[in-house]
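The sequence and structure come first.

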Amino acid sequence: MRERLGKELLFLDGGMGTLLQERGLQPGELPETWNIRKPGEITEIHRQYYEAGSDIVLANTFGANAQKFHDDTWPLKDVIFAAVENAKKARILAGKDDGRHYVALDMGPTGKLLEPMGDLSFDAACEAFAEAARLGAEAGADLIHIETMSDTYECKAAVLAAKEQTDLPVFATLIFDEKGKLLTGGDVLSTVALLEGLGVDALGINCGLGPRQMLPILKEICRHASIPVIVKPNAGLPKQRGQETYYDVTPELFAGWMQEIVKAGACIVGGCCGTTPEHIRRMTDICKNMAVQKQTEKEETVVSSYGQAVILGDCPVIIGERINPTGKKRFKQALKEHDIDYILKEGIRQQEQGAHILDVNVGLPDIDEPSMMEEVVRELQGITSLPLQIDTVDQEAMERAMRVYNGKPMVNSVSGKQESMDMVFPLVQKYGGVVIGLALDEQGIPDTAEGRVEIAGKIIREAAKYGIRPKNIVIDVLTMTISSEPEGAITVLNALEMVRNKYHVRTVLGVSNISFGLPYRPAVNSIFYALAMQKGLTAGIINPGSEEMMKAYRSYLALMNFDPNCEGYIAAYAGYTQPEGVRAVGTQPVSGGSVGEMTLQYAIERGLKEEASRLTKDRVAAEDPLAIINEDLIPALDIVGKRFEKGTLFLPQLLMSADAAKEAFAVLKETMDRSGVVQDKKGKIILATVKGDIHDIGKNIVKVLLENYGFDVIDLGKDVEPERIVETAKSEQVRLVGLSALMTTTVVNMEETIRLLRKEKPDCQVMVGGAVLNQEYADMIGADFYGKDAMQSVYFAQRLLDTPGTIHYDK
């Protein structure tokens, strides 16, 4: 089917869960078990979708993975084989077994949050998805459709598993909110960069929103995507009518909006929650003769993290060079002593100093570089949203880092040596990335600019054999020190310009090599840096803590109109004054250029767990533990919470800060326990994922934050009966219950829990959250508060429980 993608309009099917509810699926019952228990019902739904015009029908395998099916009651192989067989049978019954109608293995999320935010390892997620993908292929699925992902890391695990276990086409769609953000902070560009780098056949958006709300996000996807785009909206937003959940977009309205979605660039369209065969029928009738808006190849050079993308374009970017042992005695010591916190501080420091990407090099002869590289990459991506540059010549270290990296990295590097290209290009082809090509080969580094440009061309041509386009190659023409090569700077500057003009690729340089062996190196470095940027340097690998380098960078941006109204320059230097009596260029720090002092509050804000523990131990002997909690821990969490609300900090950083606070509190609690001091708890709160729902991502996030704010959390877990929640609230005299649900099929149990609480414990309030909820729906089921994110739940708990008596939050 790959030959049809992007060339003609393909129609997916619609919802499954709501249709099964109508046929008797009980709250909490796993829909996938119906593949064996009630195959006729499943086959009939699939048949209706084929007859309604679906080209692709998703087998009933959304939750069929080892994280959910892990005992002998319902063997995973039996569930998946039955699911695919039901869809294939429906295809025959509908008269669509013509080679142009397909059965997709549907792969949804595990319901768990991946490390470091959660407790599911990346490798375990890959294994779970790998088993499902392999079984789906063996059962005869035609493609794999990964959907409803809210975390790019889990999505990457699923994509890798699908591609490693099968040669089937792979689709991937994620849940964006109306602001174009994922739960874990990813935006459209970072998500597109990751998925295209991994080599999916089509990508897009599904669930969470109706077609009208998805339209702006689709347009943003189409601005950056070079491959076919998928859109699967809900039938609007969920509503409540008595005991019935319904969606407010009729088949007629749905079809009209899908027509606009096809016009905007989607070429694979279908429906998600609340859509029915009639929705799909109306959509196919109105759209089937529409022309496909073909996606053009976008020439953006993009690297990304889980929540931030950096475009390497005309405006130069900074790659921080400090996570590298070369010439750094203290850094070498940190590597030998496994002092990860020191390395993390170097990353944070460079981020605050203005770096856009962080180079990561941990190569020393006497350490296990692959293990250290993997660990440092994992830890860094937990505390910073900056993209990383994986810098190593060790093949194992490079692959392990690229595998666990949550984004599309820079890869430093490949050379023109055949051995190097044979090693690196397969990894870039598999995992995606922007690779740095070094202008050297088996004969060494050419003396002339022309020679280095020739090697650049050789690298670009060889990369093309692996499907790696020039936009994903950045050439380093290699800075040579002028103390030993007087013409070195001239050669580099000429080569930069020639590479840009001949091959139209981006360039990078390790700038500080130019001055090796000279006194007062910053003066030479900064001038060379400015000259290189003028010649077309895209990315300078520099020390962002060098004020001379940052002056050159900021001045260049202002002079070349990359800094509108000189706003960045003014922000950095408005308070600058020449030190009295200083004639030479000074190195005085300026406004905006200083790095935060390593205090306990700072360590918590930045998610530095070991530093938070150490600093607390240093202070607790002489200071009141309760004062430290109230004056350091809580203010730090408040600052982080406000940044999260403003969208300047993302969920992984929020949770890492919470973990750092937990480390500090553990030290304080030990001291208080010994001295008999008791910390006042702000109140008890019950948290539970409602009956029938086994997804506890949201609940666990809220739990971590509430505990760090001093609340006594009673976590009842997932799939919790309403009666158990009510009895616990009564026995523990709880005034606030938090309920979570991710599945539309289980919201009815949330409503039932609220009804019982109102009857049995009327003084108890209820806050609710989950992907299937919104404010209107929360109001309809009787909740007191709807938390659109974890911090909103914390703020409501503070309002309710920090003061005596019961208050009602003004929604």
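In which sense do strand β23 and strand β24 pair, and over how many bridges?

## Basis of the model

The model is predicted, with local features requiring pLDDT of at least 70 and side-chain atom pairs counted only at pLDDT 80 or more, while totals for chains, interfaces and linings use all residues. Residues are numbered from 1 along each chain as its sequence is written, and side-chain values use heavy atoms, without hydrogens and water.

## The sheet

Strands β23 (residues 736-740) and β24 (residues 765-769) pair in the parallel sense, over five bridges. Pairing requires at least two bridges found by DSSP between two strands. Helices (H or I, at least four residues) and strands (E, at least two) are DSSP runs numbered from the N terminus. Ser-740 stands opposite Gly-769 in β24.

These strands belong to an open sheet of five strands, ordered β22-β21-β23-β24-β25 with parallel pairing. At the edges are β22 (712-715) and β25 (785-786), each with a single partner strand, so one side of each has no neighbour in the sheet. Helix α25 (residues 697-708) packs on the sheet and touches β21 (684-689), β22, β23 and β24; contact means heavy atoms within 4.5 Å. The direction of α25 makes about 165 degrees with that of β21. Axes are lines fitted to C-alpha atoms, for helices over the stretch in contact, and angles run from 0 to 180 degrees between N-to-C directions.

## Helices α9 and α10

The axes of α9 (residues 251-263) and α10 (residues 277-287) come within 8 Å and cross at roughly 45 degrees. The two helices are therefore oblique to each other; angles under 35 degrees count as roughly parallel, over 145 as roughly antiparallel, 65 to 115 as roughly perpendicular and the rest as oblique. The contact includes Phe-254 and Met-258 of α9 and Met-283 and Ile-286 of α10.

## Helices α12 and α13

Helix α12 (residues 340-353) packs against helix α13 (residues 369-383) at an angle of about 50 degrees, with the axes 10 Å apart. This pair is therefore oblique. Among the contact residues are Ile-343 and Leu-344 of α12, and Val-376 and Leu-380 of α13.

## Aromatic pairs

Eight aromatic pairs are found in the whole structure. In one of them, the ring centres of Phe-425 and Tyr-466 are 5.7 Å apart and the planes lie at 45 degrees, so the pair is tilted. Rings of Phe, Tyr and Trp (its six-membered ring) pair if their centres lie within 6.5 Å; planes under 30 degrees apart count as stacked, over 60 as edge-to-face and the rest as tilted. Phe-425 is in helix α15 (residues 418-431), and Tyr-466, 41 residues apart, is in the loop between α16 (449-464) and β18 (473-476).
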